[in-house]
Amino acid sequence: MHDADDPYDQLGEGYAAHNEVAPYNALYERPAMLALLGDVAGRDVLDLGCGPGVLAAALVDAGARVTGLDRSEAMLRVAARRLDGRAVLRRHDLADALPVADASVDVVVAGLVLHYLADWAPVLGEVHRVLRPGGHLVASVHHPFADGALPSLEPERRGPYAESHLLAEAWSMGGRSAVVRFWHHPLGRMIGWITGAGFVLTDVIEPEPVPAMATSHPEAFARLSDKPAFLLVEACRAG
Ligand SMILES: C[S@@+](CC[C@H](N)C(=O)[O-])C[C@H]1O[C@@H](n2cnc3c(N)ncnc32)[C@H](O)[C@@H]1O
């Protein structure tokens with residue numbers, strides 16, 4: 001069911017088309033996520049906030065068995081079209097317990113979704129529960145040093161770095177627009193949520209844009225080479 005208040009339902013195909021080719025996604029975040037995920041052949045992967053399913057499709061192509069969860073019906077429709085039955089897709093809000101059995105997943109991937117949550121403790125507890133011992137969480141989020149400086153933010157919405165606070169950005173994509181609200185969390189709080197859920201933090205990546213972006217999108221390349229926009233983390237459920 002389309003949710004009139006959900007920004008991803010409002011943006012619909014406009015966001016899906018953007019996500020496929022936008023330099024921040026296609027030439028920056030996604031290559032870094034795939035590199036951090038490594039070899040997923042034969043693995044059971046749970047994709048939280050799978051969106052239009054571009055990463056899920058790459059993981060299926062690499063031999064993973066993928067289940068994608070997302071709150072947005074519009075995103076799931078695009079993902080279903082793309083994956084054409086090659087992954088399990090379910091509508092799910094990450095505020096609720098994951099619809100997945102204990103210790104049944106090798107990898108949980110959460111691409112650019114955790115910053116929509118005010119408190120990561122409940123969902124990370126769930127991720128820990130569904131991962132097999134030795135399994136990994138791989139997540140990307142807005143870099144906490146960068147998200148207070150987004151050019152399109154309304155200045156009065158910016159809060160102190162050390163305090164979690166909600167930010168809002170107006171997005172227009174493919175003729176559709178929506179106000180997207182997300183959380184700034186300080187780095188120490190994010191790490192505390194990860195280790196507090198019982199994970200061992202195994203990697204932290206500040207990605208660099210792929211070299212091809214230098215010619216295709218020189219301004220974005222210069223910006224991202226100077227300062228990372230996203231932060232990637234990998235954490236392990238101890239064996
Ligand atoms: C920026 S998109 C990222 C999509 C995809 N993971 C990627 O990296 O290309 C964020 C996605 O998270 C989903 N999302 C946001 N809040 C959510 C929530 N509470 N529960 C489930 N999905 C959520 C949105 O519907 C959207 O599809």
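Colleague: Where is the place of Arg 81?
Modeller: This is a predicted model. Arg 81 sits within residues 73-83. That span is helix 5.

Colleague: Is Arg 81 buried or exposed?
Modeller: The cut-off for exposed is over 50% relative accessible area. Arg 81 has 54%. Arg 81 is therefore exposed.

Colleague: What distance separates the C-alpha atoms of Arg 81 and Leu 166?
Modeller: Along the chain, Arg 81 and Leu 166 are 85 residues apart.

Colleague: Let us take the whole chain. How many helices and strands does the protein have?
Modeller: Both kinds of element are present. The count is nine helices and nine strands.

Colleague: Which radius of gyration does the protein have, against that of a compact globule?
Modeller: The protein has 239 residues. A compact globule with that number would come near 18 Å. The protein's own value agrees with this, at 17 Å.

Colleague: What percentage of contacts join residues at least 24 apart?
Modeller: Take contacts between residues at least 6 apart in sequence. Those that join residues at least 24 apart make up 67%.

Colleague: What percentage of the residues count as buried?
Modeller: Buried means under 20% relative accessible area. The percentage is taken over the 239 residues of the protein. The value is 49%.

Colleague: What part of the accessible surface belongs to carbon and sulfur atoms?
Modeller: The accessible surface comes to about 10,700 Å². The part from carbon and sulfur atoms is 54%.

Colleague: How far apart do the centres of the positive and negative side chains lie?
Modeller: The protein has 20 positive and 31 negative side chains. The centres of these two sets are separated by 3 Å.

Colleague: Which feature does UniProt place at residues 46-138?
Modeller: The name comes from an unreviewed UniProt entry. In the model, this span is 31% helix and 30% strand, with its end C-alpha atoms 10 Å apart. The record gives the feature as "domain: Methyltransferase type".

Colleague: Which residues of helix 6 are buried?
Modeller: Helix 6 covers residues 121-130. Its buried residues pack against several elements, among them strand 1 (44-48), strand 4 (105-111) and helix 7 (187-196). The buried residues are Val 123, Leu 124, Glu 126, Val 127, His 128 and Val 130.

Colleague: Is His 143 buried or exposed?
Modeller: His 143 is in the loop between strand 5 and strand 6 (165-173). Beyond its sequence neighbours within four places, His 143 contacts Glu 206, Pro 228, Ala 229, Phe 230 and Leu 231. Its relative accessible area is 2%, so His 143 is buried.

Colleague: Which residues does His 142 touch, not counting those up to four places away in sequence?
Modeller: His 142 lies in strand 5. At 12% relative accessibility, His 142 counts as buried. The residues touched are His 115, Asp 147, Phe 182, Met 190, Ala 229, Phe 230 and Leu 231.

Colleague: Which residues is Ala 16 in contact with, leaving aside neighbours within four places in sequence?
Modeller: Ala 16 is in helix 2 (residues 13-21). Ala 16 is buried, at 3% relative accessible area. Its contacts are Pro 52, Met 75 and Val 78.

Colleague: What distance separates the C-alpha atoms of Ala 16 and Gly 174?
Modeller: The two residues are 158 residues apart along the chain. Their C-alpha atoms are separated by 9.3 Å.

Colleague: How far apart in space are Ala 35 and Pro 52?
Modeller: Ala 35 is in helix 3 (residues 23-37). At 61% relative accessibility, Ala 35 counts as exposed. Ala 35 and Pro 52 are 17 residues apart in sequence. C-alpha to C-alpha, the spacing is 20 Å.

Colleague: What phi does Asp 84 have?
Modeller: Asp 84 is in the loop between helix 5 and strand 3 (88-91). Asp 84 counts as exposed, at 64% relative accessibility. Although Asp 84 is not a glycine, its phi is positive, at about 50°.

Colleague: And what is phi of Ala 103 near?
Modeller: Ala 103 is in the loop between strand 3 and strand 4. Ala 103 is partly exposed, with a relative accessible area of 34%. Its phi is positive in a residue other than glycine, near 45°.

Key: Residues are numbered from 1 along each chain as its sequence is written. This is a predicted model: local features need pLDDT of at least 70, side-chain atom pairs count only at pLDDT 80 or more; totals for chains, interfaces and linings use all residues. Side-chain values use heavy atoms; hydrogens and water are left out. Helices (H or I, at least four residues) and strands (E, at least two) are DSSP runs, numbered from the N terminus. The radius of gyration is taken over C-alpha atoms; the globule rule is 2.2 Å times the number of residues to the power 0.38. Buried means under 20% relative accessible area, exposed over 50%, partly exposed in between (1.4 Å probe, protein chains only). Contact means heavy atoms within 4.5 Å. Accessible areas come from the Shrake-Rupley method with a 1.4 Å probe; for residues, only the protein chains shown count as cover. Lys and Arg count as positive and Asp and Glu as negative; His and the chain ends are not counted. The place of a charge is taken as NZ of Lys, CZ of Arg, CG of Asp or CD of Glu. UniProt positions are given in the numbering used here, feature names are shortened, and annotations may be inferred rather than shown by experiment.
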